[in-house]
Amino acid sequence: MSVLEIIFTIFGVLVGLFLLWVLIGFLAYLFSLRRGGLAGKLVNKQFMKEIESYKIDYSWWKTVPSKEVEIKAGEETLVGTVLENKGSKKVGICVHGYYGNFQDLNPWAKILFEEGHNVIAPDLRAHGKSSGQKVSMGYFDKDDIVLWVNKAIEMFGEDCQIVLFGESMGGATILMTSELKLPKNVKCVIADSAYSNAYQAFEYIIEKRGFLPAFLFLPVANFFSKVFADCDLKKASPIDSVKKSSLPILFLHGLDDKFVPAYMSRDMFDVSNKEICSLYLTKGAGHIKSYAKDPEEYKKVMMSFIEKWLS
């Protein structure tokens, strides 16, 4: 084999490896950041297997009067489920997690509803009954929550008082919302098992549970996210929003969380305004399982924080 043939062979191998690298990165994007992606199917399958361990009861939604409400967010139509407590001026906007839907919020919506709050539980874009194909890990959803805040004021009055609650990706979403210009009606934020940065959350998951090195393929997946979804995962960064937020925030997290490590909530609390923010960590609790670990204590912590900031 001549020197030229060797050079062309090496070049061909390198091009092939490069194209394979790009392909795997693109598939990783489709797998985890598009509506109906395989990641969502796997997450939901595992979630349903363990649903009793979360103390989630989907049937509860059928026991309370509810209605669906739609809002427009650009080209998207977002759908929310509303539970009304007649005469109440307290409103809880509850936001679900990655590849979930409003029904997953059963325990927290139930707490708020039974404590006299109206509840709005939206399906995020590209989830549930809402339209959209791009999962932005809260990047675009943070602005959608502002629209839901405005809808809550429209429905329940200019003097209503609003609590933002979110679990997992929903928690990250409302933390990013907290730095935005919000009506004075929004009184506090409660985030359960939220990540501090979406890119770093994917790094953690891939390194702990994946079979591909995150440093090789995550940058490519993020590149395609920027190209096809206009979303840079590094900018889906709740910790940066927390630094700028003037709202009281309660960070909740299970110390045995294997999906979003508890240190992410610790890190966010460390950069928050500690005069108005709080951190509560639950021993022995996994991802969004702090409530299931000790429902009464969880409810006590959650409602004590809310009552402190609602007049």
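Modeller: In this predicted model, F47 and Y54 are both buried. These two residues also form an aromatic pair: the ring centres lie 4.8 Å apart and the planes meet at 45 degrees, so the pair is tilted. An edge-to-face pair is formed by Y98 and Y99, with 4.6 Å from centre to centre and 70 degrees between the planes.

The cut-off for a buried residue is a relative accessible area under 20%. Y98 has a relative accessibility of 18% and therefore counts as buried. Y99 has a relative accessible area of 8%, so Y99 is buried too.

The structure holds 14 aromatic pairs. Beyond the pairs described above, ring pairs link W60, W61, F102 and F113 into a cluster.

Y54, the partner of F47 in the tilted pair, has K289 over its face, at 4.8 Å from the ring centre. Over the ring of Y139 sits the charged end of K142, at a distance of 4.2 Å from the ring centre.

Strand β4 comprises residues 118-122, and five of its five residues are buried. N118, I120 and P122 point one way from the strand, while V119 and A121 point the other way. Residues on both sides of β4 are thus buried, since all of those named are under the cut-off of 20% relative accessible area.

Strand β4 pairs with two other strands, β2 and β3. Strand β2, residues 76-83, runs antiparallel to β4 and is joined to it by four bridges. Within this pairing, T81 stands opposite A121 of β4. Strand β3, residues 90-95, pairs with β4 in the parallel sense over three bridges. Here I93 has I120 of β4 as its bridge partner. Between β3 and β4 the chain passes through helix α3, residues 106-114, and this β-α-β crossover is right-handed.

The residue numbers give a link back to the rings. F113, a member of the aromatic cluster with W60, W61 and F102, falls within the residues 106-114 of helix α3.

Methods:
Residues are numbered from 1 along each chain as its sequence is written. This is a predicted model: local features need pLDDT of at least 70, side-chain atom pairs count only at pLDDT 80 or more; totals for chains, interfaces and linings use all residues. Side-chain values use heavy atoms; hydrogens and water are left out. Rings of Phe, Tyr and Trp (its six-membered ring) pair if their centres lie within 6.5 Å; planes under 30 degrees apart count as stacked, over 60 as edge-to-face and the rest as tilted. Buried means under 20% relative accessible area, exposed over 50%, partly exposed in between (1.4 Å probe, protein chains only). A charge sits over a ring if NZ of Lys or CZ of Arg is within 6 Å of the ring centre and within 35 degrees of the ring normal. Two strands pair if DSSP finds at least two bridges between them. A crossover is right-handed if, with the strands pointing away from the viewer, the path from the first strand over the helix to the second runs clockwise.
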